[in-house]
Amino acid sequence: MPSDKAAFRRRKRLETLGSFALSISVFVVLLLLWEWVSRTQYVDPLFSSSPSRIAATALVLLRDGELVRQIGASAKVFGIGFGLAIGFGIPIGVALGWFKVVNRTFSPLIAMFYSTPHIAMMPLFIIWFGLGLGSKVALVLISAIFPVIVNMQAAMLNVDHDLKIVGRAYGASQWQLFKTVALPSSVPFLLTGLRLALGHGLLSVVAAEVFGGSSGIGYMIEYAGSTFQIDVVFVGVVIIALFGIVIDRGLHYMNRKVDSWRLNGA
Amino acid sequence: MQNGNVGLVDLSLGRFDRRTADLPPALPPLSPPPLSVPCGGKVSVALAGRTPVSIVSLPLLDVADVHIGYENPSSGEVTEAVRGVSLAIQAGEFVSIVGLSGCGKSSFLSAVAGLTPLTAGSISVDGCPIHGPGPERSVVFQKATLLPWRTVLDNITYGLELRGVPRKAARAQSAKVIDLVQLRGFERFHPSALSGGMQQRVNLARALVTEPRLLLLDEPFAALDAITRETMQNELLSIWEATRKAVLMVTHQIDEAVLLSDRVIVFSDRPARVVAEIRIDLPRPRTPQVKHSPRFAALTEQVWDLIHSSAGLKREVRYAI
């Protein structure tokens, strides 16, 4: 019955809207609380900020182009590093998972590198690649590549054995097996890897810029902090958080799209 | 002389006779053996060295003294699954293998598909020894094993795609099969939206669309509920009556084997050997109604007895005490 279907859809939409409104209102209440606390005399304005001051500062920084310049610098480092991590990470992970010999040879090495805190390498990177773009990209690359490698490796090792047999029975070559069975079934793993890589990558951009940069959001935060511009520090933090949310939601959306073949039909 | 392949055949049985074929070879022939070279240039020496008694085409599938063993990867011990099985299937024949669960019949089918290596013996299709899977054989697996990210149509054309058939031609070719297995209207569905029976139809369609000479069915309906299973058995019967393709089916459903087959081969318990071969002389074309005939009951009973006695579970045991 179509009327029942429409009613069901309306109810469903109301539910979604309701939960969304709830999460927004919690957020707004927290902001208001923060604003109110910051206006009492219990908090020293020199060491803290408030939502209204952060917004005002952001507007000023946006007008004079400072914000755009710093975001651009950070985005460049992140983009190059993350792109390289994907470009190298996927083939390396595939090779590790697909070929048993490669797996046995290199897995301990990968595990060792994966568990090391990469920021410890930053002084070395600065010596090798200088204080500019090179060292920062290197740090992003090395922190973002391992989640991609490890997840692609897991994807290859978890390919449904029965599906591989079907492929073989119909005469698939190794390359065809990889293309028609292993690669499509690796997509959920890849997306998980990308999500992890994203978190690690963002962290590294900021860390690298704080460590020894002269541009970028991380540098802006570090400089503002050392000159007691608390509002500017908060602007930087908010931007990083927003950036993370946007990319994470994007990947989440892609994940849902890809998962649709598992959950529903036509 | 068809296909250029010749062999020794016991005409009374209508199948390849190993006993005759294993006689010591006569003197090497003076003139070179067959002009047309079968099997991609590899001439079978055993055939070339003999004087044929009668000349007819070889069986479609010829299995000669096949042994299969599995090596345990941790202990290195070899488990024997199949011991010395020989059988032959003619074109257009429906042959079933029955036996207890885990007796090695699935290993045997997998070997015929070219997916499991032999320890000894040989398997030939049209007189040519097989080395792995080939386009003249298709397998319908016990589990549907469809690619979950592909639609029904793209799953059906999978085998054709692997063989390099262009997408458009593959889709055109699958139209007939889709009607045959009654999947019309479901082409754009993903497997997860289909019931077990429907998934198994896709599995069957995927095997049929490549137009194999021999269809290999590995307990195709074992994973289905009883009602769906019966429906699918009846449909397979009508599909077979329409196509008359050579089929080798492994099953442990005895009534299924009797209903569908021309011959039922009984395997012993592991390691599998051929215990008996029963010709199912129910008239063709058959309909599901044949199950109500006394002959059907008698044949089913006969197969039961053979399986029981092969497993050492003689029916008389009940009364022996």
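**Chain A–chain B contacts.** I looked up the interface in this predicted model first. I find 20 residues of chain B in contact with 17 residues of chain A (contact: C-beta atoms, placed from the backbone, within 7 Å). Helix 5 (residues 158–162) of chain B gives the most to that side, with 3 residues; helices are DSSP runs of H or I, at least four residues, strands are runs of E, at least two, and both are numbered from the N terminus. The side of chain B that touches chain A divides into 13 nonpolar, 4 polar and 3 charged residues (nonpolar: Ala, Val, Leu, Ile, Met, Phe, Trp, Tyr, Cys and Pro; charged: Asp, Glu, Lys and Arg; polar: the others, Gly among them).

**Helix 8 of chain B.** Here I noted M232(B), Q233(B), L236(B) and W240(B) as buried (20 or more other C-beta atoms within 10 Å of the residue's own; exposed is 12 or fewer, partly exposed in between). After helix 8 comes R244(B), with a positive phi near 55°.

**Bookkeeping.** Residues are numbered from 1 along each chain as its sequence is written, with chains lettered from A and ligands numbered from 1 in written order. Local features need pLDDT of at least 70 and side-chain atom pairs 80 or more, while totals for chains, interfaces and linings use all residues.

How values were computed:
Two residues are in contact if their C-beta atoms, placed from the backbone, lie within 7 Å.
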